Amino acid sequence: MASIFAHGFTAFAFGKSYSKETTTTKFWILGVLCSILPDTDVIGFKFGIAYEDFWGHRGFSHSLLFALLLGIVITFVFYNKKFFYRSGVPLIIYFTICTASHGILDAMTTGGLGIAFFSPFDNTRYFFSWRPIQVSPIGASKFFSLWGIKVLLSELIWIGIPAGIYILAMRYLKKKKTSSIPNDRNID
């Protein structure tokens with residue numbers, strides 16, 4: 001898996017596509033939570049759920065269906081006044097993308113059994129053929145080691161830099177859009 005830092009930063013980067021009016025503290029917190037929530041499946045290890053099981057690590061909670069369902073539920077619970085209106089759709093999309101990005105990043109890592117993208121319809125685990133991200137260890141104690149440093153450096157290159165470029169591009173596009181809007185005070 002990629003680390004929680006990489007997942008959270010990815011959600012933050014995607015959120016930069018949205019307006020300042022939309023990006024409240026609640027929006028940011030929920031986006032980051034959606035991006036890391038799929039890894040709560042590691043709790044299953046404590047209850048004897050095997051890695052490769054439906055509810056195992058990188059199983060259903062990493063699927064595209066789970067991402068969509070979570071995006072819908074988060075929007076319904078936290079933005080219920082917008083849910084049934086057109087303004088709810090971008091929120092569902094954002095929370096779905098944040099959640100789905102988790103499995104996508106994990107499918108680019110060097111370890112594990114792959115991602116059950118199409119669960120529950122197909123529980124086959126998949127990796128992408130291009131896997132440049134060093135897999136993160138499970139457990140905080142293992143993360144603070146040489147392995148953890150290698151993971152962070154790998155994520156900086158393959159997630160941090162592209163996400164940073166995306167953030168800068170969104171900032172540029174928003175400034176360009178703002179500067180192209182005519183100023184009413186200058187109109188005679």
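**Charges over rings.** I looked up Lys-26 and found that this residue lies over the face of Tyr-79, at 4.2 Å from the ring centre. A charge sits over a ring if NZ of Lys or CZ of Arg is within 6 Å of the ring centre and within 35 degrees of the ring normal. I noted that Arg-131 lies over the face of Phe-127, at 3.6 Å from the ring centre.

**Basis.** I worked from a predicted model, in which local features need pLDDT of at least 70 and side-chain atom pairs count only at pLDDT 80 or more. Residues are numbered from 1 along each chain as its sequence is written, and side-chain values use heavy atoms, with hydrogens and water left out.

**Ring pairs.** I took rings of Phe, Tyr and Trp (its six-membered ring) as paired if their centres lie within 6.5 Å, with planes under 30 degrees apart stacked, over 60 edge-to-face and the rest tilted. I recorded 22 aromatic pairs by this rule.

**Accessibility.** I read Phe-60 as buried at 11% relative accessibility (buried is under 20% relative accessible area, exposed over 50%, partly exposed in between, with a 1.4 Å probe and protein chains only). Phe-54 is partly exposed at 30%, and Trp-55 is exposed at 53%.

**Cluster.** I also noted one aromatic cluster, whose members include Tyr-79, Phe-9 and Trp-28.
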